[in-house]
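Here is a friendly walk through one protein and its ligand. Have the viewer open, and turn to each residue as it comes up.

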Amino acid sequence: MEDVIRQAAQWLAEARRVVAFTGAGVSAESGLDTFRDPEQGLWSEYDPMELAHIDAFHRDPELVTRWYHWRFCRCVDCQPNPGHHALARIERELAQRGALFTLATQNIDGLHQRAGSRNVLELHGTILTWRGVTTGEMRPIDRVSFDRFPPRTEGGDLLRPNIVWFGEALPEAVLRQAMIAAATCDLLLAIGTSAVVYPAAGLIDLAADGEARVVEINREPTGATAQVDLAIHMPSGEALPQLAEAAFGPAAGQG
Ligand code: BJW
């Protein structure tokens with residue numbers, strides 16, 4: 001096991017308030033594309049501003065909702081990976097020790113919850129709920145009919161995914177909770193994110209400016225690497241199970 005994992009595990013075992021801040025890289029080993037990978041990222045074929053901006057939806061709601069329906073189908077087809085499961089285990093282990101754990105995710109895929117994570121703050125919303133553009137009515141996706149694009153309610157209101165596009169504000173209460181958790185934690189794990197999209201990436205700054213230790217887990221260095229206390233440059237599906245095991249011992253059934 002690498003020394004950086006041993007060090008991070010010691011900090012994790014000692015911590016009383018932990019924040020995990022996750023991005024698309026955590027779901028990469030489940031088979032979902034990240035955003036900024038030039039080879040196979042979601043945006044290698046489309047300009048993100050064409051698809052993930054509120055103006056794009058206004059301009060071409062059919063294209064945008066077709067793309068999100070396609071992405072929803074990919075989420076359903078994939079499973080949480082060992083990184084998701086390790087984060088759920090870390091939450092359970094910390095709870096048993098009376099420590100607090102908050103998972104602030106930028107992901108909209110619901111995989112953390114499917115792996116068993118409970119205290120999840122969805123900074124950029126969820127693709128599993130859609131909402132009426134005019135009425136604000138929320139609908140689980142299994143109550144959205146995709147026999148036409150853009151989908152509509154029975155009353156004719158356009159339906160859109162309940163996510164946060166560029167140019168839109170993050171859900172205020174969710175962002176506030178995440179900011180408080182980051183500003184008051186003693187350990188923040190920044191996992192699988194390029195840390196370029198704000199205000200979410202500001203959680204790393206908040207933790208680093210406070211008393212917290214900050215650990216980055218990423219396949220490669222990012223813009224945040226220079227400001228973290230420790231960088232573990234490995235796939236999160238490998239690093240997180242090792243981290244959990246080094247901090248808390250073998251998982252039940254593996255001992
Ligand atoms: C692995 C791995 C493996 C791969 N293991 N690692 C301050 C400064 C500059 C600009 C701004 C600012 N504040 C606001 C802005 C503007 C803008 C912004 O940030 N722009 C920058 C890009 C320049 N922000 C906004 O517009 C935000 N809204 C806002 O500020 O509102 C203000 C407002 C107030 C009041 C009224 C109106 C407005 C909204 C941002 C919303 C972002 N939405 C998206 C799309 C969501 C829906 C969808 O999924 O389609 O969220 S954009 C996209 O980027 C998505 C992601 O959540 C987000 C972050 O990406 P992430 O997760 O980091 O993924 P990648 O691909 O970038 O990185 C993956 C990483 O994983 C890489 O590092 C890999 O190496 C790594 N990796 N495999 C470990 N196996």
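We start with the ligand and its surroundings, then follow a loop, and end with a few distances along the chain.

Before setting off, please note that this is a predicted model, in which local features need pLDDT of at least 70, side-chain atom pairs count only at pLDDT 80 or more, and totals for chains, interfaces and linings use all residues. Residues are numbered from 1 along each chain as its sequence is written, and side-chain values use heavy atoms, with hydrogens and water left out.

Where does the ligand sit? The space it takes is the largest pocket. A pocket here is found on a 1 Å grid over the protein atoms alone, as an open set of points with protein on both sides within 12 Å along at least five of seven lines. A molecule sits in such a pocket if more than half of its atoms lie within 2 Å of the grid points.

Around the ligand there are 35 residues, and those that come nearest are Phe35, Arg36, Tyr68, Thr193 and Ser194. A residue counts as near if one of its heavy atoms lies within 4 Å of the molecule. By class, this shell has 17 nonpolar, twelve polar and six charged residues. In that scheme Ala, Val, Leu, Ile, Met, Phe, Trp, Tyr, Cys and Pro are nonpolar, Asp, Glu, Lys and Arg are charged, and the others, Gly among them, are polar. Two helices, α2 (25-28) and α5 (61-77), each supply at least two residues of the shell. Helices (H or I, at least four residues) and strands (E, at least two) are DSSP runs, numbered from the N terminus.

Which residues place polar atoms by the oxygen atoms of the ligand? One of them is His124, with a polar side-chain atom 2.8 Å from a ligand oxygen. Gln106 takes part through its backbone, where a polar atom is 3.1 Å from an oxygen atom of the ligand. In Glu220, an N or O atom of the side chain is 3.3 Å from a ligand oxygen. Taken alone the ligand exposes 1500 Å², and the protein buries 75% of that. These accessible areas come from the Shrake-Rupley method with a 1.4 Å probe.

Is Thr193 buried or exposed? Thr193 counts as buried because its relative accessible area is 7%, where buried means under 20%, exposed over 50%, and partly exposed in between (1.4 Å probe, protein chains only). Its side chain makes a polar contact with the side chain of Gln106, at 3.0 Å. A polar contact is a pair of N or O atoms within 3.5 Å; within protein, one must be able to donate a hydrogen and the other to accept it, and residues adjacent in sequence count only if both atoms are side-chain atoms. A polar side-chain atom of Thr193 also lies 3.1 Å from the backbone nitrogen of Ala195.

Ala195 belongs to the loop between β7 and α9, and is buried, with 13% relative accessibility. Although not a glycine, Ala195 has a positive phi of about 60 degrees. Pro199 is also placed in the loop between β7 and α9, and a cis peptide bond joins Tyr198 to Pro199, with omega about 10 degrees. Another cis peptide bond links Phe149 and Pro150, with omega about -5 degrees; Pro150 lies in the loop between β5 (138-140) and β6 (159-163). For background, most residues other than glycine have a negative phi, and most peptide bonds are trans.

Now for strand β4 (residues 125-132), the place of Arg131. From Gly132 to Leu158 is 26 residues in sequence and 5.7 Å in space, C-alpha to C-alpha. Arg131 and Ile163 are 32 residues apart along the chain, with 9.3 Å between their C-alpha atoms.

Finally, look at the start of the chain. Met1 lies in the segment before α1 (3-14) and is partly exposed at 47% relative accessibility. Between Met1 and Arg131 there are 130 residues of sequence separation and 46 Å from C-alpha to C-alpha.

How values were computed
1 Å grid on protein atoms, 1.4 Å probe; cavity = no way out; pocket = protein on both sides within 12 Å on 5 of 7 lines; lining within 4 Å.
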